[in-house]
Amino acid sequence: NVISVFSDLSSILERRTGAMNSQLPLLQQKIKEEDGSIQSRIEKFMESWNLSKPVEGSLSPAAAMESLSMFAVQLAKIAEDAKRLHSAKESLGLDFIIDDRLNFVDAEISDLREAWAAVLPVAEKLQVLCGTLMKDLNPPKVRKQLEDLVSDVKSVPPKLRSYEAVESLLEKLQRNLKMQPLLRDLCTDFLLLGRH
């Protein structure tokens with residue numbers, strides 16, 4: 001009985017192995033096609049990232065954060081597909097090369113998010129301050145608020161200070177501080193009364 005069962009199992013194994021071996025070239029071809037497709041997606045993603053990554057200091061922090069979130073979602077999908085493809089290649093004994101560019105972009109997105117997140121609250125406070133009506137402005141109070149915002153930006157961790165988002169906001173705040181004498185002159189009681 002044992003010999004008979006073993007013979008049956010051997011026969012089934014031979015048929016399955018034969019079927020798998022006959023399908024192997026087709027599987028390898030499909031994997032190669034998928035590899036080409038993923039490589040194309042990676043190249044398009046890299047091109048889009050290099051052209052559109054939010055590094056300009058003139059961007060609004062909220063828009064930059066939204067853009068980074070969009071890139072992060074795209075990157076995660078491509079990285080997951082590439083990981084699956086590498087596993088399939090490994091199981092079929094095909095050669096594969098890991099594209100380190102995706103890891104580099106992932107780290108870059110993380111660093112940019114950190115930089116933009118650091119300036120977002122300061123930029124929002126500055127926007128509120130800039131939206132204050134002239135009649136409601138108190139120049140000494142405005143100066144103090146601007147100085148506090150400059151301190152907030154200067155307290156950003158050293159590794160983030162070199163990002164254009166941080167440098168640009170600091171320059172903007174310092175320009176506003178330099179305009180304080182003009183603001184004080186414009187807010188004199190005489191000018192305010194003359195507007196009524």
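The protein has seven helices and zero strands, where helices (H or I, at least four residues) and strands (E, at least two) are DSSP runs numbered from the N terminus. Along the sequence this reads as α-α-α-α-α-α-α. The radius of gyration is 30 Å, well over the 16 Å that the globule rule gives for 196 residues, so the protein is more spread out than a compact globule; here the radius is taken over C-alpha atoms, and the rule is 2.2 Å times the number of residues to the power 0.38.

The model is predicted, with local features needing pLDDT of at least 70, side-chain atom pairs counting only at pLDDT 80 or more, and totals for chains, interfaces and linings using all residues. Residues are numbered from 1 along each chain as its sequence is written, and side-chain values use heavy atoms, with hydrogens and water left out.

The C-alpha trace spans about 110 × 35 × 35 Å along its principal axes. Of the 196 residues, 27% count as buried, meaning under 20% relative accessible area (1.4 Å probe, protein chains only). Among contacts (heavy atoms within 4.5 Å) with a separation of 6 or more, 78% come from residues 24 or more positions apart.

Now to the helix pairs. Helix 2 (residues 61–91) and helix 3 (residues 101–130) pack at an angle of about 160°, their axes being 9 Å apart. The axes are lines fitted to C-alpha atoms over the stretch in contact, and angles run from 0 to 180 degrees between N-to-C directions. Helix 2 is therefore roughly antiparallel to helix 3, a label for angles over 145 degrees, just as angles under 35 count as roughly parallel. The crossing of these two helices is left-handed, that is, the near helix is turned anticlockwise from the far one by less than a right angle. Residues of helix 2 including Leu68, Phe71 and Ile78 meet a set in helix 3 that includes Ile109, Trp116 and Leu120. By class, this contact has 19 nonpolar, one polar and two charged residues; Ala, Val, Leu, Ile, Met, Phe, Trp, Tyr, Cys and Pro count as nonpolar, Asp, Glu, Lys and Arg as charged, and the others, Gly among them, as polar.

Helix 3 also packs with helix 5 (residues 164–178): the axes come within 9 Å and cross at roughly 25°. That makes helix 3 roughly parallel to helix 5, again in a left-handed crossing. Residues of helix 3, among them Trp116, Val119 and Ala123, meet a helix 5 set including Leu169, Lys172 and Asn176. Ten nonpolar, one polar and one charged residues make up this contact.

Notes. Angles under 35 degrees count as roughly parallel, over 145 as roughly antiparallel, 65 to 115 as roughly perpendicular and the rest as oblique. Buried means under 20% relative accessible area, exposed over 50%, partly exposed in between (1.4 Å probe, protein chains only).
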